[in-house]
Amino acid sequence: MSYKRVLTVQDISCLGQCSLTVALPVISACGVETCILPSAVLSTHTGGFTGYTCLGLTDEMKKIISHFDSLGAKFDAVYTGYLADGNQVDVVLDIMRRRLGSLLIADPVMADAGKLYPAFDTGFVIRMKELCSRADIILPNITEACLLTGAEYKTEYDEAYIRGLAEGLVKLGAKRVVLTGVGYSEDSTGVAVYDGRELFYYRHRRISKCFHGTGDIFASAFTGAYLRGKTEREAAVIAADFTLECIENTLDDAGHWYGVKFEPCLPSLGVRLK
Ligand code: PXL
């Protein structure tokens, strides 16, 4: 088996089961070496906790990149998630300009359910557009796709609307689009993969309760599976099924509101990748 190495750029939320505390175990469970470039340290994620602390690490990121470069470090892919501010887009672009990574997988983490996350404004959306325009694969949810393309956010839509979003994102410059949270009926959701020509759709059961961190679970499992040689479609299906399994494992615990209990599900990733 070829051994792959990814550099993931996202925050450390010390409590909250998202970003790096999800990406490290999930990608590692896929059998892929996971190097990290922390964008910020937060006490918790920003979705539902109040009074969180946040230390942006832009200056340190620049130093880390220079050191990596001096070592001749190379990564099969750079996978980006939550960035602390728009300036960090320049850091990611610098990683690619220095050719430390050959493939850029960008999850434009900034919004959900029609709303930007608390830390972001429209200036951040403009910077995220720039990042996505350079990416090989992007993994937005519908809210993020709307912000990136200027399309109207809808909760009910048809395939033409989803195709329009995917086309808009490819027009922006992204080579491939993996759109999450795409549901055409009340009891189902799914993922759409667009390669600039064909729109592939994978539908699965929808659980009405919303959980934080599931976008990071999906993007991490997708990245791990893709680096293990799965196609974009196969990786999207594996990631969607795994995310659903993690949500199902959390449903019976009403007190566990801030993330999903993904840890007991990690062994199934190896099985899914066989
Ligand atoms: O799961 C996405 C995410 C990552 N990191 C931080 C967040 C969020 C979503 O709210 O707040 C800090």
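How many salt bridges does the structure hold? The structure holds 15 salt bridges, a salt bridge being a side-chain nitrogen of Lys or Arg within 4 Å of a carboxyl oxygen of Asp or Glu. The model is a predicted one, in which local features need pLDDT of at least 70 and side-chain atom pairs count only at pLDDT 80 or more, while totals for chains, interfaces and linings use all residues. Residues are numbered from 1 along each chain as its sequence is written, and side-chain values use heavy atoms, with hydrogens and water left out.

Among the salt bridges is that of Asp90 with Arg127, whose side chains meet at 2.8 Å, N to O. This pair links distant parts of the chain, with Asp90 in helix H3 and Arg127 in helix H4 (residues 122-133), 37 residues apart. Helices (H or I, at least four residues) and strands (E, at least two) are DSSP runs, numbered from the N terminus. Asp90 counts as partly exposed at 39% relative accessibility, and Arg127 counts as buried at 17%; buried means under 20% relative accessible area, exposed over 50%, and partly exposed in between (1.4 Å probe, protein chains only).

Helix H3 also holds the pair Asp94 and Arg97, whose side chains meet in a salt bridge at 2.4 Å, N to O. Because Asp94 and Arg97 are three residues apart in helix H3, about one helical turn separates them. Asp94 is buried, with a relative accessibility of 18%, whereas Arg97 is exposed, at 62% relative accessible area. Both residues belong to a network of salt bridges that links Asp69, Asp94, Arg97 and Arg98.

A further salt bridge joins Arg176 to Glu232, with the closest N and O atoms 2.9 Å apart. Arg176 lies in strand E9 (residues 176-180) and Glu232 in helix H8 (residues 232-248), so this pair ties together parts that are 56 residues apart in sequence. The relative accessibility of Arg176 is 29%, which places this residue in the partly exposed class, while Glu232 counts as buried at 15%.

Glu144, located in helix H5 (residues 142-149), is buried yet has no salt bridge. The nearest side chain of opposite charge, that of Lys115, is 14 Å away; Lys and Arg count as positive and Asp and Glu as negative, with His and the chain ends not counted. Leaving aside neighbours within four places in sequence, Glu144 is in contact (heavy atoms within 4.5 Å) with Asp107, Pro108, Val109, Met110, Ala111 and Leu139.

In soluble globular proteins, nonpolar side chains tend to be buried together. A nonpolar core is defined here as a set of buried Ala, Val, Leu, Ile, Met, Phe, Trp, Tyr and Cys residues joined through side-chain atoms within 4.5 Å. The largest such core in the model has 50 residues, and those with the most contacts inside it are Ile95, Leu131 and Ile162. Helix H3 (residues 87-97) supplies the largest share of this core, six residues. A second, separate core comprises 40 residues, including Ala23, Ala77, Val260 and Cys265. When residues up to four places away in sequence are not counted, Leu131 touches Thr80, Leu83, Val89, Val92, Leu93, Leu104 and Ala106.

The ligand is surrounded by 13 residues, of which the closest are Asp11, Ser13, Thr46, Tyr82 and Asp216; a residue is near a molecule if one of its heavy atoms lies within 4 Å of it. Polar contacts (pairs of N or O atoms within 3.5 Å; within protein, one must be able to donate a hydrogen and the other to accept it, and residues adjacent in sequence count only if both atoms are side-chain atoms) involve several of these residues. A polar side-chain atom of Asp11 lies 2.8 Å from a nitrogen atom of the ligand. An N or O atom in the side chain of Thr46 is 2.7 Å from an oxygen atom of the ligand, and for the side chain of Asp216 the distance from an N or O atom to a ligand oxygen atom is 2.7 Å.

Two further residues were examined for their position. Asp59 is in helix H2 (residues 58-71) and is exposed, with a relative accessible area of 56%. Asp59 and Gly47 are 12 residues apart in sequence, and their C-alpha atoms are 25 Å apart in space. Cys54, found in strand E3 (residues 54-56), counts as partly exposed at 47% relative accessibility. Residues up to four places away in sequence aside, Cys54 touches Ala40, Val41 and Leu42.
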